[in-house]
Amino acid sequence: MTTITALLGAFGEEVKLIEDSLENADVVALHGHRFVTGTIGTQRVVVTLTGIGKTNAALTTGLVMAHFRPDRVIFTGIAGGVNPALQPGDLVIGGEVGYHDVRSVTLTMEPTRQTMHPVTYALNPLYFPADPALLTLAQQAAQRLHFEQIPGSSRPPKVHMGRILTGDEFIHSAARATALRDEYRADAIEMEGAAVAQVCHQMGIPCLVIRSLSDNADSHAVIDLLAFLSTAARNSARLVREMVKE
């Protein structure tokens, strides 16, 4: 039986790049959300826009799970880089993703940064690990591809497997970015990935988050994001399409 892969993104430009590559495309509307089904190579896919932020991402992922029952989920898009070895244009494959804005206590009043299962109250992992098979596919696909260089950058883009952090905060301060890097050993910061990974983890669905860096999460973040969004989105979409073909 043919399996189905869900491809999610937070920004319209990221999602449209993947939609445009579909064959046999068909649009499905659910609760005001637009989903596009089709094929990439021989693989059936469903593509949709989550919108920005954790709640939007979790809501859309839940709709995808309930209606399309995907066998795996790949979340793609842009992010701010906080690893000083990385620069806009580079890609981060999320070996693990977690939150930087969760502060809670367990039922025994122990401090924790872990989320809980909504029914069992069992603690989720502090960092949601990538599905090993998807992670391998992404790394192999990246080795076969050439990515667009950000205008003015000193070197071609590189692909890094690392830690991605999620929070409902757009980071645009060098001091804040450095603090998050130091505390969490993060490589990239964004606003959706861990929410998608949490839904997938709780439902037992393989998941991978891939981010293309559009900025350095510093005071120039908004300017850089607007300037480099298109290139970063094309790089991320290129990697996802190559993965799905496999």
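This is a predicted model: local features need pLDDT of at least 70, side-chain atom pairs count only at pLDDT 80 or more; totals for chains, interfaces and linings use all residues.
Helix α1 covers residues 12-19 and helix α6 covers residues 221-245. Their axes come within 9 Å and cross at roughly 40°, which makes α1 oblique to α6. The crossing of these two helices is right-handed.

### Helix pairs

Two packed helices are described by the angle between their axes and the distance between the axes. The table gives both values for two further pairs.

| Helix pair | Angle between axes | Distance between axes |
|---|---|---|
| α3 (residues 132-144) and α6 | about 115° | 9 Å |
| α2 and α5 (residues 193-203) | about 35° | 8 Å |

On the α3 side the contact is made by L134, L137, A138, A141, A142 and R144, and on the α6 side by L239, E242 and M243. Seven of the residues in this contact are nonpolar, none is polar and two are charged. The crossing of α3 and α6 is right-handed.

Helices α2 and α5 also cross in a right-handed sense. Here K54, A57, A58, T61 and M65 of α2 meet A195, V196, V199, C200 and M203 of α5. The class count for the contact of α2 with α5 is eight nonpolar residues, one polar and one charged.

With E148, the side chain of R234 forms a polar contact of 2.6 Å. R234 and E148 are 86 residues apart along the chain, and their C-alpha atoms are separated by 7.9 Å. R234 has a relative accessibility of 30%, so it counts as partly exposed.

### D187 in a loop

D187 sits in the loop between α4 (174-184) and β11 (188-190). Is D187 buried or exposed? Its relative accessible area is 5%, and D187 is therefore buried. Setting aside neighbours within four places in sequence, D187 contacts G80, G81, V82, N83, L86, V92, H160, G162, R163 and R181. With one of these, N83, D187 has a side-chain to side-chain polar contact of 2.7 Å.

### M161 in strand β10

M161 is found in strand β10, which spans residues 159-166. Its relative accessibility is 41%, so M161 counts as partly exposed. Residues up to four places away in sequence aside, M161 touches I93, G95, L135 and Q139. V36 is 125 residues from M161 in sequence, and the C-alpha atoms of the two are 29 Å apart.

### Other loop residues

What is the phi angle of R69, a residue other than glycine? The value is near 50°, which is positive. R69 lies in the loop between α2 (54-68) and β5 (72-81). At 65% relative accessibility, R69 counts as exposed.

Y121 also has a positive phi, near 65°, and is a residue other than glycine. Y121 is located in the loop between β8 (111-112) and β9 (127-129).

M109 is placed in the loop between β7 (104-105) and β8. Its relative accessibility of 59% means that M109 counts as exposed. The C-alpha atoms of M109 and A57 are separated by 29 Å, and the two residues are 52 residues apart along the chain. A57 is one of the α2 residues in the contact with α5.

Key. Residues are numbered from 1 along each chain as its sequence is written. Side-chain values use heavy atoms; hydrogens and water are left out. Axes are lines fitted to C-alpha atoms, for helices over the stretch in contact, and angles run from 0 to 180 degrees between N-to-C directions. Helices (H or I, at least four residues) and strands (E, at least two) are DSSP runs, numbered from the N terminus. Angles under 35 degrees count as roughly parallel, over 145 as roughly antiparallel, 65 to 115 as roughly perpendicular and the rest as oblique. A crossing is left-handed if the near helix is turned anticlockwise from the far one by less than a right angle, and right-handed if clockwise. Buried means under 20% relative accessible area, exposed over 50%, partly exposed in between (1.4 Å probe, protein chains only). A polar contact is a pair of N or O atoms within 3.5 Å; within protein, one must be able to donate a hydrogen and the other to accept it, and residues adjacent in sequence count only if both atoms are side-chain atoms. Contact means heavy atoms within 4.5 Å. Ala, Val, Leu, Ile, Met, Phe, Trp, Tyr, Cys and Pro count as nonpolar, Asp, Glu, Lys and Arg as charged, and the others, Gly among them, as polar.
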